[in-house]
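Please look at the sequence and the model first, and then follow the sections below.

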Amino acid sequence: MSATRPAVDDPALLRWAAVTATLLLALAIFVLPLAAVFAEALRRGWEPALAAIVEEDAQAAVRLTLLVALIAVPVNTIGGIAAAWAVAKFDFWGKRLLVTLIELPFSVSPVISGLVYVLLFGAQGYLGPWLQANDLQIIFALPGLVLATVFVTFPFVARTLIPLMQEQGREEEEAAATLGAGGWDIFRRVTLPNVKWALLSGVLLCNARAMGEFGAVSVVSGHIRGQTNTMPLHVEILYNEYMFVGAFAVASLLALLGLVTLFAKALLEVLAGRRIGARA
Amino acid sequence: MSASASLPFLATARSSRRHALPGFNLSLGLTLAWLGLIVLVPLAALAIKPWEIGVGGVLAVLTDARVLAAFRLSFGAALLAALVSVPVGLLIAWTVTRYRFPGRRLLDALVDLPFALPTAVAGLALTALFAPNGWLGAPLAEWFGWRVAFTPAGVVVALVFVALPFLVRTVEPVLRDLPLDAEEAAATLGATRLQTIRRVVLPALLPAVITGFGLGFARAVGEYGSIIFIAGNMPMVSEIAPLLIVVKLEQFDYAGAAGIGLAMLLLSFVILLALNLWQRRLRRGRA
């Protein structure tokens, strides 16, 4: 580019200044915070950090986080695939509104995402008395954590699949249908191979957010140690109790999750040969 | 877009075989159930609950001095953070798309970090970094006498971290697809490089910048996890609106919490709508 188009070549000084400024900014904004988490966790060496991770309440938090993600991610994957299939393969009234509504949870504060379920299922919520009469608990229990997590991760799979499947059109699926293939076969043999990397990338981002969600689950959790504390909530409790090494040690685990997600997403984009889904 | 969608003479043929593919009822039914149960019904509860205490009650909640201060901070800091993200995001997007330098791919991947990093971890990290004895907090305090952590400035810093990727990721593709011909033409006509950037490149990027600004703002205004550690959460000073919702819920004041939540949502939708209209006018002006 630079060799053939001298007119749009920036002066070397400008180029050098821009690159240096960018690298310094990236260092301050992205690298230093990450480094700070690991440095604080290892402030007193490996042993206290590891001890904080293998400790009983931390392990319970890890298990709960995995369990919540294990329920929430498939729900949004199935919903996202269904939505993408309906939107991309059919014409119907209100389609654009539907797409807008699917993306709505991204513009809702995480705290509000938790709040809405408290309004429904909390002790003074609309269904609270009925739940109590039937001895069911949603808020301050696993179902509430799952619901809040499903809400905040709602659009991830749908929004990576919808634009891609719209772009790919319907011809291949229609050809398969003409040849007598059933719906499930069409999806599995024709659509899925075309969207597999994007789907995986959406699931990955959905999972990262599900495991890392803080605000929404904080509202519905009740913060019962060893029972309703997910990993991010455990981090907060440790921090508020001035157990800084422990807080940063568990936070390091979550940071690793974020780094693995970033790496896997970049890898999927190489495999797919294109950028997937843009913004989260 | 499929080719047939743009050909009008196929439209009638298509509508007759509109359901040529199977699974319409199943997929739309699943989608509506999923959307209705998880998003629409709960949000309806948010829209109804506040009015249990009457219009006067809602107004009393919203005009409380502490609530007003929290709204000012949440919306002010989010707007400021989105604004700061504009030049920073433009610079990063420009460097990553236009120049070749070692570490470019890594940098490009790192931009997504705030998306992938759990908010509580981001909050903890920024607090450690900007605390009076932190790697950045100590020099800032020593050289300039600035305190960032546990002040409203900390809120803005955390929100820039959250909003920045939206800017970079919306501007990047536009910048990449921008035809170099226009820039060359400007140069041929005698414009200096800076004039070209200011008069040709930046106006072409403006719609994308507005989109990124809107997305970053929307995310920042509701942000909770990355703020509560660094803010210090002093009522009237560094307390954000989402935190007040949590406080009201702890007092079992559901209607008050819902009132604050509803007001937050409505206010941010008005701001996003205004941005949307501005952008639409820009697009129409250019077409």
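## Terms and annotated domain

Helices and strands are taken here as DSSP runs, a helix having at least four residues and a strand at least two, with numbering from the N terminus. The model is predicted.

In chain A, residues 62-269 carry the UniProt annotation "domain: ABC transmembrane type-1", which comes from an unreviewed entry. This span is 77% helix and 0% strand, and its end C-alpha atoms lie 29 Å apart.

## Annotated transmembrane regions of chain A

The unreviewed UniProt entry also gives the annotation "transmembrane region" to residues 16-39, 60-88, 108-127, 139-158 and 242-268 of chain A. Residues 139-158 of chain A are 70% helix and 0% strand, with end C-alpha atoms 27 Å apart. For residues 242-268 of chain A the figures are 93% helix and 0% strand, and the end C-alpha atoms are 40 Å apart.

## Chain B as a whole

Chain B contains 14 helices and zero strands. Its pattern along the sequence is accordingly written as α-α-α-α-α-α-α-α-α-α-α-α-α-α. The C-alpha trace of chain B spans about 60 × 60 × 35 Å along its principal axes.

Of the 287 residues in chain B, 46% count as buried. Among the contacts in chain B with a separation of 6 or more, 75% join residues 24 or more positions apart.

## Helix α7 of chain A and its crossing with α3

Two packed helices are described by the angle between their axes and the distance between the axes. In chain A, the axes of helix α3 (residues 56-89) and helix α7 (residues 142-152) come within 9 Å and cross at roughly 45°. Because of this angle, α3(A) counts as oblique to α7(A). The crossing of α3(A) and α7(A) is right-handed. On α3(A) the contact is made by V68(A), I71(A), A72(A), V75(A) and N76(A), and on α7(A) by L145(A), V146(A), T149(A) and V150(A). By class, the residues of this contact are seven nonpolar, two polar and no charged.

Helix α7(A) is mostly covered, with nine of its eleven residues buried. These are G144(A), L145(A), V146(A), L147(A), A148(A), T149(A), V150(A), F151(A) and V152(A). The elements that cover them include α3, α5 (110-121), α10 and α11 of chain A, together with α2 (24-48) of chain B.

## Helix α12 of chain A

Helix α12 of chain A, residues 231-240, is also mostly covered: eight of its ten residues are buried. The buried residues of α12(A) are M231(A), P232(A), L233(A), H234(A), V235(A), E236(A), L238(A) and Y239(A).

Which elements do the buried residues of α12(A) pack against? In chain A they pack against α3, α10 (183-212), α11 (215-221) and α13 (244-272), and in chain B against α7 (119-130) and α12 (225-231). After α12(A) comes Y242(A), which has a positive phi near 60°.

Methods: Residues numbered from 1 in each chain as written. Chains lettered and ligands numbered in written order. Predicted model: local features only at pLDDT ≥ 70, side-chain atom pairs only at ≥ 80, totals over all residues. UniProt positions renumbered as here; feature names shortened; annotations may be inferred. Buried ≥ 20, exposed ≤ 12 C-beta atoms within 10 Å, placed from the backbone. Contact = placed C-beta atoms within 7 Å. Axes fitted to C-alpha atoms, helices over the stretch in contact; angles between N-to-C directions. Parallel < 35°, antiparallel > 145°, perpendicular 65-115°, else oblique. Left-handed = near helix turned anticlockwise from the far one by under 90°. Nonpolar A, V, L, I, M, F, W, Y, C, P; charged D, E, K, R; others polar.
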